[in-house]
Amino acid sequence: MRRRRCTGLSTWSSSAVARLVLASLPLWARLQAGTDEELNTRTGCLWFGDPRAPGAEGRIDAVQRIMAQLDVPFERLTAHEVTRRFGFTGIRRGGRGSCSPTAPPPT
């Protein structure tokens, strides 16, 4: 049985947890070196929402702040840019997004 674990951007709304995720990347790389099976796939990320909304959508400002503090590369996007570049429609006025072309490399 193959198990998958996804660490999403909601992780980034807590500075302590985000630091743990970053610290785990070299450990994942060491584990990966010992097997041909893919254990961890790094991908880019797009997240958008209305910062006034409840739940994960409303955490976008905190996530962007923590990513900036931890030097994780990302681009701030307006709702219009999310729609134009990625095709998502119906984003509320005042909404915004983050685009990170790659997940952080192991350190």
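# Briefing: an α-β-α-β-α-β chain

Starting at the N terminus, the elements of the protein chain come in the order α-β-α-β-α-β. That gives three helices and three strands. Keep in mind that this is a predicted model. The protein chain has 107 residues, and 27% of them count as buried. As for contacts with a separation of 6 or more, 58% are between residues 24 or more positions apart.

**The sheet**

- The three strands form an open sheet in the order S1-S3-S2, and the pairing is antiparallel.
- Going from one strand to the next, the twist averages 20 degrees.
- S1 and S3 are joined by five bridges in the antiparallel sense. In this part of the sheet, glycine 49 is opposite arginine 96 in S3.
- S2 and strand S3 (residues 96-100) also pair in the antiparallel sense, over four bridges.
- S3 is mostly covered, with four of its five residues buried.

**Helices on the sheet**

- S2 and S3 pair over four bridges, and H2 packs on the sheet, touching S1, S2 and S3. The direction of H2 makes about 35 degrees with that of S3.
- Helix H3 (residues 79-86) packs on the sheet too, and touches S1, S2 and S3. Its direction makes about 95 degrees with that of S2.

**The buried side of H2**

- Which residues of H2 are buried? They are Ile60, Val63, Gln64, Ile66 and Met67.
- These residues are on the same side of H2, because they cover an arc of only 165 degrees around the axis.
- As for what they pack against, the buried residues of H2 meet H1, S1, S2 and S3.

**Nonpolar cores**

- The largest nonpolar core has 10 residues: Ala18, Leu22, Leu25, Trp47, Val63, Ile66, Met67, Leu70, Val72 and Phe74.
- Helix H1 (15-33) and helix H2 (60-69) each contribute at least two residues to this core.
- Another core, of five residues, lies apart from it, and includes Leu77, Ala79, Ile91 and Cys99.

**Loop residues to look at**

- Where does aspartate 71 sit? You'll find aspartate 71 in the loop between H2 and S2, just after H2.
- Its backbone deserves a look: aspartate 71 has a positive phi of about 60 degrees although it is not a glycine. For context, most residues other than glycine have a negative phi.
- Aspartate 71 counts as exposed because its relative accessible area is 68%, and the cut-off for exposed is over 50%.
- Glutamate 57 belongs to the loop between S1 and H2. Its relative accessibility is 28%, so glutamate 57 counts as partly exposed.
- Leaving aside neighbours within four places in sequence, glutamate 57 contacts Trp47, Phe48, Gly49, Asp50 and Arg92.
- Glutamate 57 and glycine 95 are 38 residues apart along the chain, with their C-alpha atoms separated by 9.5 Å.

**Cysteines**

- How many disulfides does the structure hold? It holds zero.
- A disulfide would need the two sulfur atoms within 2.5 Å.
- Cysteine 99 is likewise in no disulfide, and the nearest cysteine sulfur to its own is that of cysteine 45.
- Cysteine 45 is partly exposed, with a relative accessible area of 29%. Cysteine 99 has 11% relative accessibility, so it counts as buried; the cut-off for buried is under 20%.

Conventions. Residues numbered from 1 in each chain as written. Predicted model: local features only at pLDDT ≥ 70, side-chain atom pairs only at ≥ 80, totals over all residues. Heavy atoms only, no water. Core = buried A, V, L, I, M, F, W, Y, C linked by side-chain atoms within 4.5 Å. Buried < 20%, exposed > 50% of the residue type's maximum accessible area, 1.4 Å probe, protein only. Pairing = 2+ DSSP bridges. Axes fitted to C-alpha atoms, helices over the stretch in contact; angles between N-to-C directions. Contact = heavy atoms within 4.5 Å. Arc of directions from axis to C-beta.
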